[in-house]
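What did I look up, and in what order?

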Amino acid sequence: RILTVLSLLWVALPLFFMGLIVVALLVQFFLAFVWFLLPVGGMTSDNYASLSPLRKFLDIGWHLIAPLSVITLASLAGISRFMRGQMLEEIGQDYIRTAKAKGLPERKVNYKHAFRNAIVVIVATIGGVLPGLVSGSGSIEYVMRWPGLTPKLIEAASSQDIYVTMAILTILTLLLVIGNLISDVALAFIDPRIRYS
């Protein structure tokens, strides 16, 4: 029930608001301990130019944790709500009642029968998550000052730079195609009834 309430909150609240809450919590942590648990904004530290290549990579990864956590939790919250609905629908089916009547354990009925049929719909919709993680995070990029695709797209569109705009839209389209390809291949592994000829 706690996870259901938290996932409903993540789905209901806009991304920029959740980003502001994370920034406020990180600032309060800094004020209490005079130490940054995670960076509040930006892509790199002030001494980024003087770091070794490995330290540069780790520095960018450290700055990526907070915005990526907010975006990932928002995506997972939507998927978990959808998965819960699919599982409840599958549990109400006749074949589940028949499996329970035959005396199969509850765990085996839920995970071997209901979960395998419910996950098919989730995997089919995951193809749109990949471009959504990149393009749907524009408000987080602004709140946490991350120089991503969305600020660049808005800047290119406002200055009428058609080449940069088309390049970014092409990248997002390629991500959508790759995400759909991954979900189609995963569907063939999960559900043996699906065959591509």
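I am working from a predicted model.

**Entry: α2 and α3**

I looked up helix α2, residues 15–33, against helix α3, residues 53–91. Their axes come within 10 Å and cross at roughly 140°. Angles over 145 degrees would count as roughly antiparallel. I therefore logged α2 and α3 as oblique to each other. The crossing of α2 past α3 is right-handed.

Next I listed the contact residues. From α2 I have Leu15, Met18, Gly19, Val22 and Leu26. From α3 I have Ala66, Val70, Ile71 and Ala74. I sorted this contact by class and got 8 nonpolar residues, 1 polar and no charged.

**Entry: α3 and α5**

I then followed α3 to helix α5, residues 106–125. The two pack at about 135°, and their axes are 9 Å apart. I put α3 and α5 down as oblique too, because of that angle. I noted a right-handed crossing where α3 passes α5.

Which residues make this contact? On the α3 side I found Ile79, Phe82, Met83, Gln86, Met87, Glu90 and Ile91. On the α5 side I found Asn110, Ala114, Phe115, Asn117, Ala118, Ile119, Val121, Ile122 and Thr125. Glu90 of α3 is in the contact, and Glu counts as charged.

**Entry: α5 and α9**

My last pair was α5 with helix α9, residues 162–190. I read an angle of about 170° and axes 9 Å apart. That makes α5 roughly antiparallel to α9. I recorded the crossing of α5 and α9 as left-handed.

I listed Arg116, Ile119, Val120, Val123 and Ala124 from α5. They meet Ser183, Ala186, Leu187 and Ile190 of α9. By class I logged 7 nonpolar, 1 polar and 1 charged for this contact. Ile119 of α5 is listed here, and Ile119 is also listed in the contact with α3.

**Entry: the cavity**

How many cavities of 30 Å³ or more are there? I got 1. The largest cavity holds about 30 Å³ of space.

I took down its lining next. Pro39, Val40, Gly41 and Gly42 are among the lining residues. His63, Ala66 and Pro67 also line the largest cavity, as do Met144 and Trp146. The lining divides into 6 nonpolar and 3 polar residues, with no charged ones. I marked Ala66 in my notes: Ala66 lines the cavity, and Ala66 of α3 is part of the contact with α2.

Technical notes: Residues numbered from 1 in each chain as written. Predicted model: local features only at pLDDT ≥ 70, side-chain atom pairs only at ≥ 80, totals over all residues. Heavy atoms only, no water. 1 Å grid on protein atoms, 1.4 Å probe; cavity = no way out; pocket = protein on both sides within 12 Å on 5 of 7 lines; lining within 4 Å. Points joined across faces, edges and corners; volume = space filled by probe spheres on them. Axes fitted to C-alpha atoms, helices over the stretch in contact; angles between N-to-C directions. Helix = DSSP H or I, 4+ residues; strand = E, 2+ residues; numbered from the N terminus. Parallel < 35°, antiparallel > 145°, perpendicular 65-115°, else oblique. Left-handed = near helix turned anticlockwise from the far one by under 90°. Contact = heavy atoms within 4.5 Å.
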